[in-house]
Amino acid sequence: MKFLTGLALALSLATSAFAADKPETVRITYVSAPFNVPSIVMREKGFLDEAFAAHGIKVESPEITSGAQQTQAIAAGEIDIASVLGGTSAILAKANGVDLKVIAAYARSPKAYYLMTRADGPAALADLKGKKIAGPKGTVLNQLLVAALASQKLTLADVEYINMDLPTARAALLSGQVDVATLAGNNAVMVEQAGGKALVDGEGLIKPTTVIGARSTFLEEHPDLVKAYFDAHRKALEFIAAHPQEALDIAAKEQKISVEEAAKQMPLYDFTPVMTDDDIANLTADQTFMIDTGMLPTDNAIDIKADLVAPSAFEIK
């Protein structure tokens, strides 16, 4: 009897300790651009709140669009999951010691990234020397710019590269403050609608893989909560497949573009979350590219599969 009483007490203490350890709130970034339909649908339909409510946990969704700012927030313990993170941002963060693991792919979309200009802007990539170019540094778009310049035997030193987020870069381009902007999603669409044009997209220049990242300690301590996140993510993907028109309507409204423009964007993206060996190869090539262009010191290079990607990323259900 004393044994049973002691066992019950031990179980009670263990349960209390676990309950105390469970966070009251999880912080998961919301990133709608360039055309992140699963995230948009997840928020509109309340799938994320619903998944965590089952655990008695509230969700905070700070809108942090910069990859660098997301990884800084992970390093500071201010967010638990970075829902859409550029592969280059994840690599740079991990290489610099950030407590980060990639837990899934988010999207693969080389044709969705552009160098955009006005109708009276540069006619070809060869004309970029000496031009003002705006866009977010340390991102896939930064990588596209470097690759596009390299195709013409140019480097970033041959242009005036100005760090701006996407809406600001678009506005600067349309107002004539810069000659070219690196854009994606609705920002590229808006430039085209204003009479602008694409100089090039990422096809053949980059193989961008955006990913879902998490604090390593959060992944280790709360695998059930990571599963809750994927339950919501999977539900969004299933909704998109079952209700494609409604999903387009929701995405178009959030992106402030027409449904017709949204329909053109959708085929540019592969939202399959399970990581593959091809994704590892692409991320490894991204790291090599960053080293070759001086974005990452050789001594900081990491083993993408072993150091960055969680084994569970290959087994998402």
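Student: Which residues does His233 touch, not counting residues up to four places away in sequence?

Tutor: With those sequence neighbours left out, His233 touches Pro38, Met42, Tyr106, Ile212 and Pro273, contact being defined as heavy atoms within 4.5 Å. This is a predicted model, in which local features need pLDDT of at least 70 and side-chain atom pairs count only at pLDDT 80 or more, while totals for chains, interfaces and linings use all residues. Residues are numbered from 1 along each chain as its sequence is written, and side-chain values use heavy atoms, with hydrogens and water left out.

Student: Why does His233 count as buried?

Tutor: The term buried applies under 20% relative accessible area, exposed applies over 50%, and partly exposed covers the range in between, with a 1.4 Å probe and protein chains only. His233 has a relative accessibility of 1% and therefore counts as buried. The residue lies in helix α10 (residues 223-242); helices (H or I, at least four residues) and strands (E, at least two) are DSSP runs, numbered from the N terminus.

Student: What makes Ile81 a buried residue?

Tutor: Its relative accessible area is 0%, so Ile81 is buried. Ile81 is found in strand β3. Leaving out residues up to four places away in sequence, its contacts are Arg27, Ile28, Thr29, Ile212, Gly213, Ala214, Phe218 and Tyr229.

Student: How far apart are Ile81 and Leu219 in sequence and in space?

Tutor: They are separated by 138 residues in sequence, and their C-alpha atoms are 9.1 Å apart in space.

Student: Why is Lys153 called exposed?

Tutor: Lys153 has a relative accessibility of 79% and therefore counts as exposed. Its place is in the loop between α6 and β7 (160-163), and its phi is near 60 degrees, a positive value in a residue other than glycine.

Student: What makes Lys256 exposed?

Tutor: The relative accessible area of Lys256 is 67%, so this residue is exposed. Lys256 lies in the loop between α11 and α12 (259-265). Phi is near 60 degrees at Lys256, positive in a residue other than glycine.

Student: How do you know that the length of helix α13 agrees with its number of residues?

Tutor: The expected span is 1.5 Å times one less than the number of residues. For the 16 residues of α13 (residues 277-292) this should give 22 Å, and the end C-alpha atoms are 22 Å apart, so the two agree. Just after α13, Gly294 takes a positive phi of about 80 degrees.

Student: Which elements do the buried residues of α13 pack against?

Tutor: They pack against α5, β4 (100-108), α6 (140-150), β10 (209-215) and α14 (304-308). The buried residues of α13 are Asp279, Ile280, Asn282, Leu283, Asp286, Gln287, Phe289 and Met290.

Student: Why is helix α5 described as mostly covered?

Tutor: In α5 (residues 87-95), nine of nine residues are buried. Among them are Gly87, Ile91, Leu92 and Lys94. Just after α5, Gly97 has a positive phi of about 90 degrees.

Student: What makes a region of space a pocket, and how is its volume defined?

Tutor: On a 1 Å grid over the protein atoms alone, a cavity is a set of points where a 1.4 Å probe fits but cannot get out, whereas a pocket is an open set with protein on both sides within 12 Å along at least five of seven lines; lining residues have an atom within 4 Å of a point. Grid points are joined across faces, edges and corners, and the volume is the space filled by probe spheres set on the points. The largest pocket has a volume of about 840 Å³. Its lining has 41 residues, of which Val31, Ala33, Thr65, Ser66 and Leu166 lie nearest the centre. Helix α4 gives the most to this lining, with four residues.

Student: What is the peptide bond from Ala33 to Pro34?

Tutor: That bond is cis, with omega near 5 degrees. Pro34 is found in the loop between β1 (25-27) and α2 (37-44).
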